[in-house]
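Please go through the model below with me, question by question.

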Amino acid sequence: MQSSSQAVRAKEDEPFLERFIEAHEGFILRAASKHAGHTVTRSDDEYSVALMAFYEAVKGYDPAGGPFGAYASLVIGRRLADYYRAQRASVLSSVQRLCWD
């Protein structure tokens, strides 16, 4: 992804950031699908998580740390892992309430 310099610009320029995110929707969906282990569409919760993670990646990107694409994919993967952990905890809590109430 040749977007490292664009990510730096998007970090400071909100209108450009919106266009940058729109232009990278395919990347966001592919990264989310890769980390989710199944195809993610725009209507999935995982897409929302990945979209917010991409925004977080733009805001936290430091070019000295390497290419933006690798960093954004890493952030998306970590946020999806957090999301799945929270979902699992919620399900376990619900099951425990059903069993013990």
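Q: In this predicted model, what is the handedness of the crossing where α3 passes α4?
A: The model is predicted. The two helices in question are α3, residues 25–36, and α4, residues 45–60. Where α3 passes α4, the crossing is right-handed.

Q: Are α3 and α4 oblique or perpendicular to each other?
A: Two packed helices are described by the angle between their axes and the distance between the axes. For α3 and α4 the axes lie 9 Å apart and the angle is about 120°. Roughly perpendicular covers 65 to 115 degrees, and roughly antiparallel starts over 145. The α3–α4 angle therefore makes the pair oblique.

Q: Which residues of α4 does α3 meet?
A: From α3, the contributors are Glu25, Phe27, Ile28, Leu29 and Ala32. By class, this contact of α3 with α4 holds eight nonpolar, no polar and two charged residues.

Q: How are α1 and α4 oriented to each other?
A: Helix α1 spans residues 4–12, and its axis comes within 8 Å of the α4 axis. The two axes cross at roughly 95°. Angles of 65 to 115 degrees count as roughly perpendicular. So α1 and α4 are roughly perpendicular.

Q: How many charged residues are in the contact of α1 with α4?
A: Ala7, Ala10 and Lys11 come from α1. They meet Val58, Lys59 and Gly60 of α4. The classes are three nonpolar, one polar and, for charged residues, two.

Q: Which residue forms a salt bridge with lysine 59?
A: The closest N and O atoms of this pair are 3.0 Å apart. The partners are 45 residues apart in the chain, with lysine 59 in helix α4 and the other in helix α2, residues 14–23. The partner is glutamate 14.

Q: Is lysine 59 buried or partly exposed?
A: Its relative accessibility is 28%. Buried means under 20%, and exposed means over 50%. Lysine 59 therefore counts as partly exposed.

Q: Which residues does glutamate 14 contact, leaving aside neighbours within four places in sequence?
A: Glutamate 14 sits in helix α2. Its relative accessible area is 39%, so glutamate 14 is partly exposed. Beyond its sequence neighbours, glutamate 14 is in contact with Tyr55 and Lys59.

Q: How far apart are the closest N and O atoms of arginine 9 and aspartate 13?
A: These two side chains form a salt bridge. Both partners are partly exposed: arginine 9 at 45% relative accessible area, aspartate 13 at 23%. The N and O atoms that come closest in this pair are separated by 3.6 Å.

Q: In which helix do aspartate 82 and arginine 79 both lie?
A: Their side chains meet in a salt bridge, 3.0 Å from N to O. The two residues are three apart, about one turn of the helix. Aspartate 82 is partly exposed at 34%, and arginine 79 is partly exposed at 29%. Both belong to residues 68–100, helix α5.

Q: Which residues are linked with Arg79 and Asp82 in a network of salt bridges?
A: A search of the whole structure finds six salt bridges. One of them joins aspartate 82 and arginine 79. The network that includes this pair also takes in Glu56 and Arg85.

Q: Is serine 73 buried or exposed?
A: Serine 73 is placed in helix α5. Not counting residues up to four places away, serine 73 touches Phe27, Ala31, Lys34 and His35. Its relative accessibility is 13%, and the cut-off for buried is under 20%. Serine 73 therefore counts as buried.

Q: How many helices does the protein chain have?
A: From the N terminus on, the elements run α-α-α-α-α. There are zero strands. The helix count is five.

Definitions and conventions: Residues are numbered from 1 along each chain as its sequence is written. This is a predicted model: local features need pLDDT of at least 70, side-chain atom pairs count only at pLDDT 80 or more; totals for chains, interfaces and linings use all residues. Side-chain values use heavy atoms; hydrogens and water are left out. Axes are lines fitted to C-alpha atoms, for helices over the stretch in contact, and angles run from 0 to 180 degrees between N-to-C directions. Helices (H or I, at least four residues) and strands (E, at least two) are DSSP runs, numbered from the N terminus. Angles under 35 degrees count as roughly parallel, over 145 as roughly antiparallel, 65 to 115 as roughly perpendicular and the rest as oblique. A crossing is left-handed if the near helix is turned anticlockwise from the far one by less than a right angle, and right-handed if clockwise. Contact means heavy atoms within 4.5 Å. Ala, Val, Leu, Ile, Met, Phe, Trp, Tyr, Cys and Pro count as nonpolar, Asp, Glu, Lys and Arg as charged, and the others, Gly among them, as polar. A salt bridge is a side-chain nitrogen of Lys or Arg within 4 Å of a carboxyl oxygen of Asp or Glu. Buried means under 20% relative accessible area, exposed over 50%, partly exposed in between (1.4 Å probe, protein chains only).
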